[in-house]
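Here is a short walk through one protein chain. Keep the viewer open and follow the elements in turn.

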Amino acid sequence: MAKTRELLKIVDLHKAGVGYRTIGKQLGEKATTVGAIIRKWKKLTVDLPRSGAPCKISPRGASMIMRKVRDQPRTTRQDLINDLNRAGTTVSKKTISNTLCRHGLKSCSARKVPLLKPVHVQARLKFASDHLDDPEEEEWENVMWSDETKIELFWSRLHSPCLEEEKG
């Protein structure tokens with residue numbers, strides 16, 4: 001049997017239109033061996049159907065999904081399923097996730113945010129109304145405010161003049 005380089009030479013010569021006998025004489029192989037190699041090569045290079053189920057989402061459907069996700073990043077998989085159902089394609093959530101992954105995106109769940117209870121709303125309202133008339137220069141210039149978090153820089157509250165007056 002021929003080595004890999006010889007196999008490639010046989011295939012290249014065949015593609016160039018050289019006959020089996022001529023190829024065999026050039027490379028020192030039998031014409032039947034050359035024929036068997038070429039038949040095997042033709043069998044392996046034919047476009048065989050791929051294994052597994054065919055894709056349910058067409059390239060057009062995949063581009064529709066990607067466009068919707070790009071325009072509205074918080075779109076849920078169920079919204080995408082409903083859009084595809086309207087277009088005539090029935091798919092599962094896993095199929096949507098696989099399509100997003102194939103295009104370089106990950107599907108993820110939005111973080112659950114706890115709802116404010118009436119007690120919390122009242123406490124916030126009381127805090128705001130208690131400090132409504134506070135002068136800005138005193139305590140509040142040492143406090144950095146964020147959405148839901150109060151962050152004090154450099155332990156400023158421990159070293160504020162108000163605490164020193166209370167101690168003394």
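The text below goes from the overall layout to the cores, then to one helix and the charged pairs.

This is a predicted model. The chain has eight helices and two strands. Along the sequence they follow the pattern α-α-α-α-α-α-α-β-β-α. Of the 168 residues in the chain, 18% are buried. The accessible surface comes to about 14400 Å². Carbon and sulfur atoms hold 56% of that surface. Take the contacts with a separation of 6 or more: 37% of them join residues 24 or more positions apart.

Start with the annotated stretch. An unreviewed UniProt entry lists residues 9-44 as "domain: Sleeping Beauty transposase HTH". In the model this span is 81% helix and 0% strand. Its end C-alpha atoms lie 17 Å apart.

Now move to the nonpolar cores. The largest has 11 residues: Ile57, Ala62, Ile65, Met66, Val69, Leu80, Ile81, Leu84, Val91, Ile96 and Leu100. The largest share, four residues, comes from α4. Pick out Ile65 in this core. Leaving aside neighbours within four places in sequence, Ile65 is in contact with Ile57, Leu80, Leu84, Ile96, Thr99 and Leu100.

Which of its residues are buried? They are Ile96, Ser97, Thr99 and Leu100. These residues sit on the same side of α6, because they cover an arc of only 160° around the axis. The cover over the buried residues of α6 includes α4 and α5. Turn to the face pointing away from the buried side. There α6 carries the exposed residues Lys94, Cys101 and Arg102. Past the helix comes Gly104, with a positive phi near 90°.

Next, the charges. Side chains of opposite charge can pair when their charged atoms come close. A search of the whole structure finds three salt bridges. Lys68 forms one of them with Asp83, with the closest N and O atoms 2.8 Å apart. Lys68 lies in helix α4 and Asp83 in helix α5, so this pair ties together parts 15 residues apart in sequence.

Is Asp83 buried or exposed? Asp83 has a relative accessible area of 13%, so this residue counts as buried. Lys68, at 25% relative accessibility, is partly exposed. Not counting residues up to four places away in sequence, Asp83 touches Met64 and Lys68.

Asp83 also meets Arg86 in a salt bridge, at 2.8 Å from N to O. Both residues lie in helix α5, three residues apart, about one turn of the helix. Arg86 is exposed, with a relative accessible area of 65%.

What remains is the pair in helix α7 (residues 118-130). Here the side chains of Asp130 and Lys126 meet in a salt bridge, at 3.0 Å from N to O. Asp130 and Lys126 are four residues apart, about one turn of the helix. Asp130 is partly exposed at 46% relative accessibility. Lys126 is exposed at 53%. Elsewhere, shared partners join Lys68, Asp83 and Arg86 into one salt-bridge network.

Technical notes. Residues numbered from 1 in each chain as written. Predicted model: local features only at pLDDT ≥ 70, side-chain atom pairs only at ≥ 80, totals over all residues. Heavy atoms only, no water. UniProt positions renumbered as here; feature names shortened; annotations may be inferred. Core = buried A, V, L, I, M, F, W, Y, C linked by side-chain atoms within 4.5 Å. Buried < 20%, exposed > 50% of the residue type's maximum accessible area, 1.4 Å probe, protein only. Contact = heavy atoms within 4.5 Å. Arc of directions from axis to C-beta. Areas by Shrake-Rupley, 256 points an atom, 1.4 Å probe, with all protein chains shown as cover. Salt bridge = Lys/Arg side-chain N within 4 Å of Asp/Glu carboxyl O.
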